[in-house]
Amino acid sequence: SIRAIEQQLSIPRSTLSGWFKNIKLSKKQKNILYKNWQKALVEARKEAVKWHNQQKQDRLQEAKSKAIKTLQNIDTKDKAIIELALSMLYLGEGSRINEETSMGSSNPLILKFFLSTLRTIDGFDDKKIRCQLSLRADQDPDKIKLFWSKELKIPIEKFGYIGIDKRTIGSKTYPGYKGVCLIRCSNVAIKRELIFISEMFCKKIIKNTRAISSSG
């Protein structure tokens with residue numbers, strides 16, 4: 001191909017096009033060029049995938065480095081900061097329906113954080129914790145209950161109601177999904193405090209950022 005000659009001899013393609021404009025290729029030669037083009041296209045796609053994957057890894061590493069730098073400036077042992085983090089999580093994920101402090105998630109990390117930070121709050125009592133599960137039709141309730149009990153280090157007798165979503169009958173659950181676990185604590189005072197903290201904090205930050213924008 002003209003492209004291959006250009007790369008090997010470093011002659012401009014415009015010059016090569018002028019030299020070769022009267023050359024007639026046979027059907028066999030055209031087939032060879034076409035096959036070479038297809039092969040090059042496959043290789044180019046492979047290289048593109050490698051490049052994109054590497055770019056993604058670089059961006060992930062950059063994000064991780066920034067996160068580490070941010071956390072280095074935060075005292076994660078400060079009780080006020082812990083309570084603020086919990087309140088912001090509760091604002092987004094916590095339940096407001098019942099007269100209790102509760103949160104449901106399919107992500108064990110979120111619920112582990114919820115539990116560990118709850119235990120730093122005055123008035124919290126582990127004895128008031130109850131758990132319930134919401135599962136898909138093809139999941140084994142006993143196995144899933146055991147999974148969440150081990151993950152959250154909550155006695156299995158604390159798990160009560162298990163709801164089955166009948167809409168999922170006949171469909172297969174994707175691997176790794178362990179349903180939704182809801183942690184319930186009958187102390188409603190904690191919920192009220194968390195909601196007040198989160199809402200007041202949001203309003204304060206909004207006010208401060210507006211002031212900074214105006215002064216800038």
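The model is predicted: local features need pLDDT of at least 70, side-chain atom pairs count only at pLDDT 80 or more, and totals for chains, interfaces and linings use all residues. Residues are numbered from 1 along each chain as its sequence is written, and side-chain values use heavy atoms, with hydrogens and water left out. Helices (H or I, at least four residues) and strands (E, at least two) are DSSP runs, numbered from the N terminus.

**The sheet**

Begin by selecting the strands. Four of them form an open sheet in the order E1-E4-E2-E3, with mixed pairing; two strands pair if DSSP finds at least two bridges between them. Strand E1 (101-105) and strand E3 (159-165) stand at the edges and have a single partner strand each, so one side of each is left without a neighbour in the sheet. From one strand to the next, the twist averages 15 degrees.

Select E1 with E4 next. These strands run antiparallel and are joined by five bridges. Met103 stands opposite Ile183 in E4. Four of the five residues of E1 are buried, so this strand is largely enclosed by the rest of the structure. Buried means under 20% relative accessible area, exposed over 50%, and partly exposed in between (1.4 Å probe, protein chains only).

Then select E3 with strand E2 (residues 129-136). This pair runs parallel, again with five bridges. The bridge partner of Arg136 is Asp165 in E3.

Axes are lines fitted to C-alpha atoms, for helices over the stretch in contact, and angles run from 0 to 180 degrees between N-to-C directions. Contact means heavy atoms within 4.5 Å.

Show helix H4 (residues 79-93) together with helix H5 (residues 108-118): they pack at an angle of about 135 degrees, their axes 10 Å apart. H4 and H5 are therefore oblique to each other. Angles under 35 degrees count as roughly parallel, over 145 as roughly antiparallel, 65 to 115 as roughly perpendicular and the rest as oblique. On the H4 side, select Ile82, Ala85, Leu86, Leu89 and Tyr90; on the H5 side, select Ile110, Phe113, Phe114, Thr117 and Leu118. The residues of this contact divide into nine nonpolar, one polar and no charged. Ala, Val, Leu, Ile, Met, Phe, Trp, Tyr, Cys and Pro count as nonpolar, Asp, Glu, Lys and Arg as charged, and the others, Gly among them, as polar.

Turn next to helix H6 (residues 141-152), which packs with H5 at an angle of about 50 degrees, with axes 10 Å apart. H5 and H6 are therefore oblique to each other. Here Pro108, Leu111, Lys112 and Leu115 in H5 meet Phe147, Trp148, Glu151 and Leu152 in H6. The contact of H5 with H6 comprises six nonpolar, no polar and two charged residues.

**Two loop residues**

Most residues other than glycine have a negative phi. Select Ser10, in the loop between helix H1 (2-9) and helix H2 (13-20). The phi of Ser10 is positive, near 55 degrees, and Ser10 is exposed, with a relative accessible area of 64%.

Finally, select Lys153, in the loop between H6 and E3. The phi of Lys153 is also a positive value, near 55 degrees, and at 70% relative accessibility Lys153 counts as exposed.
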